[in-house]
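Try each task before you read its solution.

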Amino acid sequence: YFNLATPCYGIFHPDSWMYNPEVKPLEFDPTKSAALLDEAGWKVDPGDGWRYKEVSGSKVRFEFTLLIPQGSPTGPQIAAIFQEELKRLGVELKTRILEWATFMEKVQKHEFQAEVAAWGTGTDPDTNWNLWRTEEYKTGRNYGGYSNPRVDRLFELARKEFDFDARKKLYQEIHKLIYDDQPYIWIYNAPTLAAFNKRIRGVVLGPRGIYGFDPSVVGWWVAKGQAKHT
């Protein structure tokens, strides 16, 4: 993204009103990661360099598969970086690229170990309702099976709260709780890149870029005599 992307600190963008400034990003610390893996019983085999653990009497290697939607310009690049970093820790990351419909079917049925995708912001934080609530595992978009009773309750309270400041605090608490639980690894906020011919007038940017608000493209215009037909 030509150095235009920014680090992502959870479910809300730093420019949004519900963002919680108290959320601090987890540090990138491979040494600490290795220590946590050791503590969890995943030991490096000096013979091949991979980590193993005895599970139900069998020696199991720490490996998992990451699903990537076909056509994603960044998924394979992200996976390549993750593969290299995890390999240094003794963990093998495999990848599987799937056509979009198949990818979504696997994700919706929870038939995956890990997957990489991008989220777009909604017009209101309540659109996150079917992403993070426990009950949305079966019919919503809670693909990873996240469950936190406090988060469930906060979404209910926020839906009934009409005082802006009180509602803001509820979503900020949701933001911090979900980031602390880390059901996802948030990587970066992708910028909206758009170019406009200098003939175009009336271009106004909204919180979500050039789309998702009124009048958006409907309000654009070109001076008489400058219009070109294609």
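Two strands count as paired if DSSP finds at least two bridges between them. Keep in mind that this is a predicted model.

**Exercise 1. What is the strand order of the open sheet with parallel pairing, and which strands are at its edges?**

Step 1. Read the order. The sheet has 3 strands, in the order β6-β5-β7.

Step 2. Name the edges. They are β6 (92-98) and β7 (114-115), and each pairs on one side only.

**Exercise 2. Which strands stand at the edges of the sheet with antiparallel pairing, and why is one side of each left without a neighbour?**

Step 1. Write the order. This open sheet of 3 strands runs β2-β3-β4, with antiparallel pairing.

Step 2. Go to the ends. β2 (43-44) and β4 (58-61) are the edge strands. Each has a single partner strand, so one side of each has no neighbour in the sheet.

Step 3. Check one pair. Strand β3 (residues 51-55) and β4 pair in the antiparallel sense over 4 bridges. In β4, Ser58 is the bridge partner of Val55.

**Exercise 3. Describe how α6 packs against α7.**

Step 1. Two packed helices are described by the angle between their axes and the distance between the axes.

Step 2. Read the values. Helix α6 (residues 149-160) and helix α7 (residues 164-181) pack at about 160°, with axes 9 Å apart.

Step 3. Classify the angle. Over 145 degrees counts as roughly antiparallel, so α6 is roughly antiparallel to α7. Their crossing is left-handed.

Step 4. List contacts. Residues of α6, including Val151, Leu154 and Phe155, meet residues of α7, including Leu170, Tyr171 and Ile174.

Step 5. Sort the contact residues. There are 10 nonpolar, no polar and 3 charged.

**Exercise 4. Where does Ser147 lie, and how far is its C-alpha atom from that of Glu136?**

Step 1. Locate Ser147. It is in the loop between α5 (136-139) and α6.

Step 2. Ser147 has a relative accessible area of 45%, so it is partly exposed.

Step 3. Give the distance. Ser147 and Glu136 are 11 residues apart along the chain, and their C-alpha atoms are separated by 9.5 Å.

Note on methods. Residues numbered from 1 in each chain as written. Predicted model: local features only at pLDDT ≥ 70, side-chain atom pairs only at ≥ 80, totals over all residues. Heavy atoms only, no water. Axes fitted to C-alpha atoms, helices over the stretch in contact; angles between N-to-C directions. Helix = DSSP H or I, 4+ residues; strand = E, 2+ residues; numbered from the N terminus. Parallel < 35°, antiparallel > 145°, perpendicular 65-115°, else oblique. Left-handed = near helix turned anticlockwise from the far one by under 90°. Contact = heavy atoms within 4.5 Å. Nonpolar A, V, L, I, M, F, W, Y, C, P; charged D, E, K, R; others polar. Buried < 20%, exposed > 50% of the residue type's maximum accessible area, 1.4 Å probe, protein only.
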